[in-house]
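Here are some notes to go with your first look at this structure. Have it open beside you and take the points in order.

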Amino acid sequence: PPDLFYNDRESRKYTTSSRIQNVQSDMTYRALELLQLNGPSLVLDIGCGSGLSGEILSSVSPVDGGPHLWVGMDISASMLDIALQKSVEGDLLLGDIGQGIPFRAGSFDAAVSISAIQWLCNAESSEANPQGRLSRFFNGLYASLRRGGRAVCQFYPKNDAQRSLISSAAIKAGFGAGILEDDPGTKKSKLYLVLTAGGGQDQGDITGVVKGMSDVEVQDGRRNVRTAGKKEDRRSKKSDITRKKEQMERRGKVTKASSKYTGRSRRRIVF
């Protein structure tokens, strides 16, 4: 379980690793892109750890719709202790998301989670089964979001069965749900569970989240139809990526050097 795995030693190692910081930073910016927050928002950071994602939420510029206020929730006291030592700007709560989300209904505009919800599939006892923990989490999350709010959860399922278990639990809780996969079929593959809490312009249908994104393949299991997103000129896409890298470098982030593969098609989304 994460509360035992992330002891003082592991928490310090996780927080000080430059590789982990860069990977988490990339995933957090990707999640923010999918949340599409148009202005300063109150965001729930699920499995906030030492506040790596929260620091990014706090640093979003007004030009990009920020900065955002955030509340972090984590089961590891060691991780939260590091966040307190860093004097992060968000509020912190020690708690087990498998027991629910203990906030007033409609408290948050959005929620983000990086590399956390797969831990809900660990069964420590017969009473704490994965289905029950997932149900309590997603039902609590749905209630805590305002109608029309979104949540993006990056996660690492062990297999397809676990992936299906997680997405099915979200749908049963009332969410419109889909999984976006970056770099499919590679070791760098990343999965993002994109959720909408009904209401708003999406009305629970998250296909609008990827509208306008280039090189996105949509597999819609509801109607057994398949459509492809419009492809734009590769040179234009490469220039967009270069521009985003320059923005990140101005924020002091480390970015990968561009190559002949920059801008290639590498994303798909499954509903």
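1. Confidence comes first. This is a predicted model, with a mean pLDDT of 83 for the protein, and 76% of its residues reach 70 or more. Go carefully at residues 224–232, where the pLDDT is below 50. The model still gives that stretch 17 contacts beyond near neighbours in sequence, so treat those contacts with the confidence value in mind, since pLDDT is the predictor's confidence in each residue.

2. On to charges. Side chains of opposite charge can pair when their charged atoms come close. How many salt bridges does the count come to? The count comes to five, and a few of them are worth a visit.

3. One link joins the side chains of Glu33 and Arg30, at 2.8 Å from N to O. Both residues belong to helix H3 (residues 18–35), and because they are three residues apart there, about one helical turn separates them. Glu33 is partly exposed, at 34% relative accessible area. Arg30 has a relative accessibility of 8%, so it counts as buried, the cut-off being under 20%.

4. The other link from Arg30 goes to Asp182, with 2.9 Å from N to O between the side chains. Asp182 is in strand S6 (residues 176–182) while Arg30 is in helix H3, so this pair ties together parts that are 152 residues apart in sequence. Buried or exposed? Both Arg30 and Asp182 are buried.

5. Next, look at Asp96 and Arg133, whose side chains also form a salt bridge, again 2.9 Å from N to O. Asp96 is in the loop between strand S3 (91–94) and strand S4 (108–114), and Arg133 is in helix H6 (residues 130–144), so the pair links distant parts of the chain, 37 residues apart. Asp96 is partly exposed with a relative accessible area of 22%, whereas Arg133 is buried at 7%.

6. You'll find it in the loop between S4 and H6, and at 13% relative accessibility it counts as buried. A polar atom of the Gln118 side chain lies 3.3 Å from the backbone nitrogen of Tyr156. Leaving aside residues up to four places away in sequence, Gln118 touches Phe155, Tyr156, Gln162 and Ile166.

7. Not counting residues up to four places away in sequence, Leu141 touches Leu44, Ile46, Ile101, Ala111, Ala151, Phe175 and Leu195.

8. Last stop: Ser239, in helix H8 (residues 234–250). It counts as partly exposed, at 41% relative accessibility. Between the C-alpha atoms of Ser239 and Thr262 there are 9.5 Å, and the two residues are 23 residues apart along the chain.

Methods
Residues numbered from 1 in each chain as written. Predicted model: local features only at pLDDT ≥ 70, side-chain atom pairs only at ≥ 80, totals over all residues. Heavy atoms only, no water. Salt bridge = Lys/Arg side-chain N within 4 Å of Asp/Glu carboxyl O. Helix = DSSP H or I, 4+ residues; strand = E, 2+ residues; numbered from the N terminus. Buried < 20%, exposed > 50% of the residue type's maximum accessible area, 1.4 Å probe, protein only. Polar contact = N/O pair within 3.5 Å; in protein donor to acceptor, adjacent residues only side chain to side chain. Contact = heavy atoms within 4.5 Å. pLDDT = per-residue confidence, 0-100.
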